Amino acid sequence: MAVSAVSMPVAVANGGVRPTAPRRHSARGAIGRATAFKGDAVTVHARRVSAPTTRRAATAAVDGKSLAAVVDDNCNSELDNFTRVSVLAEALPYLQRFAGQTVVVKYGGAAMVDEGLKDRVIRDLVLLSTVGIRPILVHGGGPEINQWLTKVGIEPKFKNGLRVTDAATMEIVEMVLVGKVNKSLVSLINVAGGRAVGICGKDGNTLRGRVRDAELGFVGDVSSVDTSLLKQLVDTGHIPVLATVAMDDSGQALNVNADTAAGEIAASIGAAKLILMTDVPGVCTDKDDPSSLIRELTISETRSMVTDGFIAGGMIPKVECCVKSIAQGVCSAHIIDGRAPHSLLLEILTDEGAGTMITG
């Protein structure tokens, strides 16, 4: 069944109406979209091209509700049997599409600190692995590093948002990320029924790096990625859990930004998706207003938003990471709110998604 083209302009200008355009391409159909940036205004146009009869529309109702609404409304209550099978039926095209595909997930923020959120994320990750998607979990551990630095009497220091990492700090960073946070995540995944293997960038020469700036100490940029160990693990049904400690050519440990490391790994392994879990809904025209979330952006639109000041602060390195990974071959990159229930599943298995998707 062909769906007629519609154009829905939604303007955002100095606190005006926020973007509510339909979400991205469907599993087998497509949604074309263009965003114009002029001055302080953002105009979003959405057009549904077509969808075959074998695929229900992205907003198809389950008892009058979309899949996203069903998951949200029932996350704390028991689903009845009909709703269970309806949810699975709507997810089927996505399960088919991404079966055997690699998805790199960068895990951090509040979802890594709050035990309830952590449990949901871990179970969602195991579910994806169980249905044939091949997740790779890349993690940082900023809050826990700060706690341990304080315990040993080292004051955490930052410069331009980056941790100043002297020799003593690097020792704590490696100990906490590799020895504590990583193995804790591995245990949680395995208890939930997955088959996780914890590694860091040093293992198998997965991440080689170089010092970014002498004033920052042992903070590194990724210089090369070897995906052979990661491929062996996902090929045998394991979930790699990678702590972002790299090493330079002399073997010195380097503290690498987790977003950057995830992007480089996604590009090198040919991932279908890169997903950054954060503490914000995604890219918003007003960072203090979640309703101003922009559901989909192209690379050119993203760059325009940075130039025009719509994307600023800590969101800039995240979108730059996404843009770089897409330019290197990743199909799509996503910035989602890890605090939202089941945001990982909603982003991968529904047409509406849960955050902002950036494509080429």
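**Salt-bridge close-ups**

**View 1. Glu 115 and Lys 118 form a salt bridge, with their closest N and O atoms 3.6 Å apart.** This is a predicted model, so keep that in mind for every view here. Both residues sit in helix H3 (residues 115-130), three residues apart, which puts about one helical turn between them. The two partners get quite separate labels for accessibility: Glu 115 is exposed, at 54% relative accessible area, while Lys 118 is buried, at 11%.

**View 2. Lys 202 meets Glu 174 in a salt bridge, 2.8 Å from N to O.** Here the pair ties together parts that are 28 residues apart in sequence, because Lys 202 lies in the loop between strand E8 (196-200) and strand E9 (207-211), whereas Glu 174 belongs to helix H5 (residues 167-191). Lys 202 counts as partly exposed, with 24% relative accessibility. Glu 174 counts as partly exposed too, with 23%.

**View 3. Lys 318 pairs up with Asp 259 in a salt bridge whose closest N and O atoms are 2.7 Å apart.** This one links distant parts of the chain: Lys 318 is in helix H9 (residues 315-327) and Asp 259 is in helix H7 (residues 258-269), 59 residues apart. Lys 318 is buried, with a relative accessible area of 16%, and Asp 259 is buried as well, at 8%.

**View 4. Lys 106 joins Asp 259 and Lys 318 in a network of salt bridges.** Counting a side-chain nitrogen of Lys or Arg within 4 Å of a carboxyl oxygen of Asp or Glu, the total comes to 12 salt bridges.

Notes:
Residues are numbered from 1 along each chain as its sequence is written. This is a predicted model: local features need pLDDT of at least 70, side-chain atom pairs count only at pLDDT 80 or more; totals for chains, interfaces and linings use all residues. Side-chain values use heavy atoms; hydrogens and water are left out. Helices (H or I, at least four residues) and strands (E, at least two) are DSSP runs, numbered from the N terminus. Buried means under 20% relative accessible area, exposed over 50%, partly exposed in between (1.4 Å probe, protein chains only).
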